Amino acid sequence: MRRKIIAANWKMNMTNDEAEGFLETFLLEVGDEKRVDVVLVPSFTTLAKVSEKLSSVQNVKLGAQNMHWEKPGAFTGEISAEMLRELFVRYVVLGHSERRALFGETDAIVNKKTKAALAATMTPIVCIGETLAERDAGQVETVLETQLRGSLADLTPAQIEDLVLAYEPVWAIGTGRTATPQQAQEAHAFIRKTLAAISDDAIAGKVRIQYGGSVKPANTADLMSQPDIDGALVGGASLEPRGFAEIIQATCGTLG
Ligand code: PEP
């Protein structure tokens, strides 16, 4: 049984004051809910504040939106795994479609970052997903397989078991257009099949695959009830503390 994981990707949003306000409401709303893993992924400038506020909270973990693969050194503007670990960051989102499309991240770069995150004992959340043009051209499986094999190249089965994947169809991100539960399930089942080919059935059965793309309270239960959907990576709807808590509660409502 895979434990569901719900993560809030705040992207380039929230000042420290706003993050503090979010936490005041959100932590009350989410209470001590422990049936799913909950991760907040704030911007770099709010990580320290959120880390401090979560230091006495057991059931909400911290994630980062990116990191560099190199050890500390001459890499102006970059953030190392060591810097994130110092702030008790447990998860790191890698290969988000915005980073791939706007900042030139390739599968080879995502692969280096994934290896560095694992070496620093952080859990990578590796994002993959097709564009609308690729879906319309019938290339969903080819794109997902290429991104998966490239991003996870040379990882051992044990390393693959330790990561989280996020299927995020680019056409559903921030557009209000969600994949139907069936479209998402189909893609997740394909990703799991590909994982089995890369590692083995047992490992593939353990890896958690989140869905991301316009998840909101109203569509959460249908998506999270799908057999291969193991959680959500939430962008826009995660900026509103009550709404994000509702997504967590709706996910818990799908558990047996
Ligand atoms: C995301 O950016 O990871 C995302 C899924 O965004 P949204 O929920 O706003 O579509």
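Figure 1. Asn-66 counts as buried because its relative accessibility is 9%, where buried means under 20% relative accessible area, exposed over 50% and partly exposed in between (1.4 Å probe, protein chains only). The model is predicted, so that local features need pLDDT of at least 70 and side-chain atom pairs count only at pLDDT 80 or more, while totals for chains, interfaces and linings use all residues. Residues are numbered from 1 along each chain as its sequence is written, and side-chain values use heavy atoms, with hydrogens and water left out. Asn-66 is located in the loop between β3 and α3 (81–86); helices (H or I, at least four residues) and strands (E, at least two) are DSSP runs numbered from the N terminus. The side chains of Asn-66 and Lys-113 are joined by a polar contact of 2.8 Å, that is, a pair of N or O atoms within 3.5 Å; within protein, one must be able to donate a hydrogen and the other to accept it, and residues adjacent in sequence count only if both atoms are side-chain atoms.

Figure 2. Among the 14 residues around the ligand, Lys-11, His-96, Glu-168, Gly-174 and Ser-214 come nearest; a residue is near if one of its heavy atoms lies within 4 Å. The side chain of His-96 has an N or O atom 2.8 Å from an oxygen atom of the ligand. From the backbone, an N or O atom of Ser-214 lies 2.8 Å from a ligand oxygen atom, and a polar backbone atom of Gly-236 is 2.8 Å from an oxygen atom of the ligand.

**Figure 3. Close-up of the aromatic pairs.** Rings of Phe, Tyr and Trp (its six-membered ring) pair if their centres lie within 6.5 Å, with planes under 30 degrees apart counted as stacked, over 60 as edge-to-face and the rest as tilted. By this rule there are four aromatic pairs. The ring centres of Trp-10 and Phe-22 are 4.8 Å apart and the planes stand at 70°, so this pair is edge-to-face. Trp-10 belongs to the loop between β1 (5–9) and α1 (16–30) and Phe-22 to helix α1, so the pair ties together parts twelve residues apart in sequence. Both Trp-10 and Phe-22 are buried. Tyr-167 and Tyr-211 form a tilted pair, at 6.3 Å centre to centre and 55° between the planes. This pair links distant parts of the chain, with Tyr-167 in strand β6 (residues 164–167) and Tyr-211 in strand β7 (residues 208–212), 44 residues apart. Tyr-167 and Tyr-211 are both buried. Ring pairs also join Trp-10, Phe-22, Phe-26 and Phe-244 into a cluster.

Figure 4. On a 1 Å grid over the protein atoms alone, a pocket is an open set of points where a 1.4 Å probe fits, with protein on both sides within 12 Å along at least five of seven lines; lining residues have an atom within 4 Å of a point. The largest pocket has a volume of about 400 Å³, a volume being the space filled by probe spheres set on the points, which are joined across faces, edges and corners. Of its 14 lining residues, Lys-11, Met-12, Gln-65, Arg-99 and Phe-103 lie nearest the centre. Helices α2 (44–54) and α4 (97–103) each supply at least two lining residues, and α4 gives the most, with four.
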